Amino acid sequence: MFKKRLLAAAMSFALVLGISGCANTKNTGNTENIEKTVNTNADAASTEASTGSQLATEMVKVEALDDNYRNYYEIFVRSYCDSNGDHIGDLNGVTSKLDYIADLGINGIWFMPVTQSTTYHKYDVVDYKSIDKEYGTMEDFDNLTQEAHKRGIRVIIDLVINHTSSQHEWFKTACEYLKGLGDNEPDVSECKYFGYYNFAKEKVNGSYYNVPGTNWYYEGSFWSEMPDLNLKNETLMAEIKEIADFWMEHGVDGFRMDAALHFEEGDTAKNTAILNDLFTYCKEKNPNFYMVSEIWADQSTIASYYASLTPSMFNFAVSGGEGPIVKAGRGKYSAERFVTTMVKSEETYVLENPEFIDAPFISNHDQPRVSNNLNGKTDDMKYAGGLLLSMGGSPFVYYGEEIGMASSGQKDENKRLPMVWSKDDTTGITNAPAGADKIEQDIDGVDKQLKDESSLLNYYKKALRIRNENPEIARGKTVIVDSLTKDDQAAIIRTWNDKKIAVIYNTDDVSYEMDLKGTELENLKIVESLTCDGTSAELNGTKIILPARSIIYLK
């Protein structure tokens, strides 16, 4: 235990020294891998010490549970870290921050689209087998995945198959074909790409747009420049599987399926069949392959998509400004209601897929940031983060959430602002996306928060460490201890592989004395206290003092 603490202290010190910059981070000196077995998912870290101009680095690899229960970190590459001075985030910038990510307790990264695109957000794909030139090269991506894997971090990327860019060669070729048809009927044997999209001779609805120079129309549900793909087309689906092969060969461990609710509007059976088919194909190539899908809907609809037998759906039912995590964070949702909601999710989803892995989150790139929903109150953000990281499954943290970054309004660009590594050192800091409003981030950067034991960042680090050291939290089946659950106090037990961990919540803003006598928790001991002010719970006999707004773990 002493050695672990000493190592953690050394890692934290090294990260403080080098965290603000990300342009010149290439390691020199010898690298030594030291295998250790501990019960944690915190797979990697590094220590850096500077002697004159020499940088000596020792990588410590920690053996972890090698499954698809992960702590994921969503990254918008453009706004994360710039490595070459052009003020646009890039893949090498992310690579330079992998030690920070690993030290945070993250062991999975979800990258928003990295393929060639015409827009800043890159959800309009021009070439599926490419890296956007703003972000770097395929060699940069290969290096990133290799370095992530060395640290035990898996990599998933957005796979956007609901639509392409209007500048994709498939679509441009199909449109040119239609222009040359005259009064003749199209034939997919002459142009297979005609079958890749939803073309019609009439404007079916407001989501259809004219193909210039013809009397044909195409569907573009999200935008005229993002024509919808026809996923009923078998030739197209075979091509999508080739795209999946390409990315798996380049080290990708899974896909985040964008807009899966809209593949075939209103047809859950068809959409779940598409997900199942692609996941089954990828899993045959990689038994550990992971998939998480965007089903922005209510709990019952999300549950229906688990019939796809794919691992995860984002749990939109618990996210957002009016979701139970944020409402409990601001004190408007009791502990009793929180655990009841949590258990209902588990019980609902498991009926459709017994092997489901929940994917809870607080906010993402399409939603106002948690800081805005909680008025920038650090303690509220801490508690919301602690609640998220106490939930089962694979939680997703949006970059900058761990330091309290803010957004503004509903403009997408405002939700994807530059990561604040430092307020004093601009090395690696990106420009905001074009069109974003000027938003002052009234927070300390990563560099200062790492040094402040009471910071939001260090709260996240502790919550993630607790999660990593106690695998029952992510993997266990949840049972509410009814006798200890009422109003602002609640207790649950998670069981996994015959191991149990109890979690007690106090959502009140004052401390509370709870008597464990006669309950399943009576003979357990406190293993961790997660509190906003850094105090610890106290156990005297069978009575436990729960600090205000606390999450207490017992074994």
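This is a predicted model: local features need pLDDT of at least 70, side-chain atom pairs count only at pLDDT 80 or more; totals for chains, interfaces and linings use all residues.
**The whole chain**

Begin with the entire protein chain, coloured by secondary structure. It comprises 15 helices and 23 strands. Of its 555 residues, 59% count as buried. Among contacts with a sequence separation of 6 or more, 68% are between residues 24 or more positions apart.

**The seven-stranded sheet**

Next, display the open sheet of seven strands, whose order is β14-β13-β12-β8-β5-β4-β15 and whose pairing is parallel. At its edges are β14 (312–313) and β15 (396–398), each of which pairs on one side only. In general, the strands of a sheet pair through backbone hydrogen bonds, either parallel or antiparallel.

Select β4 (residues 72–75) together with β5 (residues 108–111). Four bridges connect the two strands in the parallel sense. To locate one of these positions, pick Tyr73, whose bridge partner in β5 is Ile109.

Move along the sheet to β12 (residues 254–257), which is joined to β13 by four bridges and runs parallel to it. Here Arg256 has Val292 of β13 as its bridge partner.

Which residues of β13 lie on each side? Tyr290 and Val292 are on one side, Met291 and Ser293 are on the other, and all are buried, so that both faces of the strand are covered.

**Helices α6 and α7**

Select helix α6 (residues 234–249) and helix α7 (residues 268–285). Their axes are 11 Å apart and the packing angle is about 40°. The two helices are therefore oblique to each other, and the crossing is right-handed.

For the contact itself, display Met237, Ile240, Lys241, Ala244, Asp245 and Met248 on the α6 side, which meet Ile274, Asp277, Leu278, Tyr281, Cys282 and Lys285 on the α7 side. Classified by residue type, this contact contains eight nonpolar, no polar and four charged residues.

**Helices α12 and α14**

Show the contacting side chains: Thr378, Met381, Lys382, Tyr383, Gly385, Gly386 and Leu388 in α12 meet Leu456, Tyr459, Tyr460 and Arg467 in α14. The contact of α12 with α14 is made up of six nonpolar, three polar and two charged residues.

**Leu457 in α14**

Remain on α14 and centre the view on Leu457, which lies in this helix. Is Leu457 buried or exposed? Leu457 has a relative accessibility of 0% and therefore counts as buried. Setting aside residues up to four places away in sequence, Leu457 touches Tyr100, Leu104, Glu402, Ile403, Val446, Gln449 and Leu450.

Select helix α11 (residues 370–373), in which Ser371 is found. Ser371 is buried, at a relative accessible area of 7%. Beyond neighbours within four places in sequence, Ser371 is in contact with Gly376, Met381, Gly404, Met405 and Ala406. Met381 was also selected above, as one of the α12 residues that meet α14.

Continue into the loop between α11 and α12, the place of Asn375. With a relative accessible area of 65%, Asn375 is exposed. Asn375, although not a glycine, has a positive phi of about 55°.

**Asp498**

End the tour in the loop between β17 (489–496) and β18 (499–506), where Asp498 lies. What is the phi of Asp498? Its phi is positive, at about 65°, although Asp498 is not a glycine. Asp498 is exposed, with a relative accessible area of 78%.

Definitions and conventions
Residues are numbered from 1 along each chain as its sequence is written. Side-chain values use heavy atoms; hydrogens and water are left out. Contact means heavy atoms within 4.5 Å. Ala, Val, Leu, Ile, Met, Phe, Trp, Tyr, Cys and Pro count as nonpolar, Asp, Glu, Lys and Arg as charged, and the others, Gly among them, as polar. Two strands pair if DSSP finds at least two bridges between them. Buried means under 20% relative accessible area, exposed over 50%, partly exposed in between (1.4 Å probe, protein chains only). Axes are lines fitted to C-alpha atoms, for helices over the stretch in contact, and angles run from 0 to 180 degrees between N-to-C directions. Angles under 35 degrees count as roughly parallel, over 145 as roughly antiparallel, 65 to 115 as roughly perpendicular and the rest as oblique. A crossing is left-handed if the near helix is turned anticlockwise from the far one by less than a right angle, and right-handed if clockwise.
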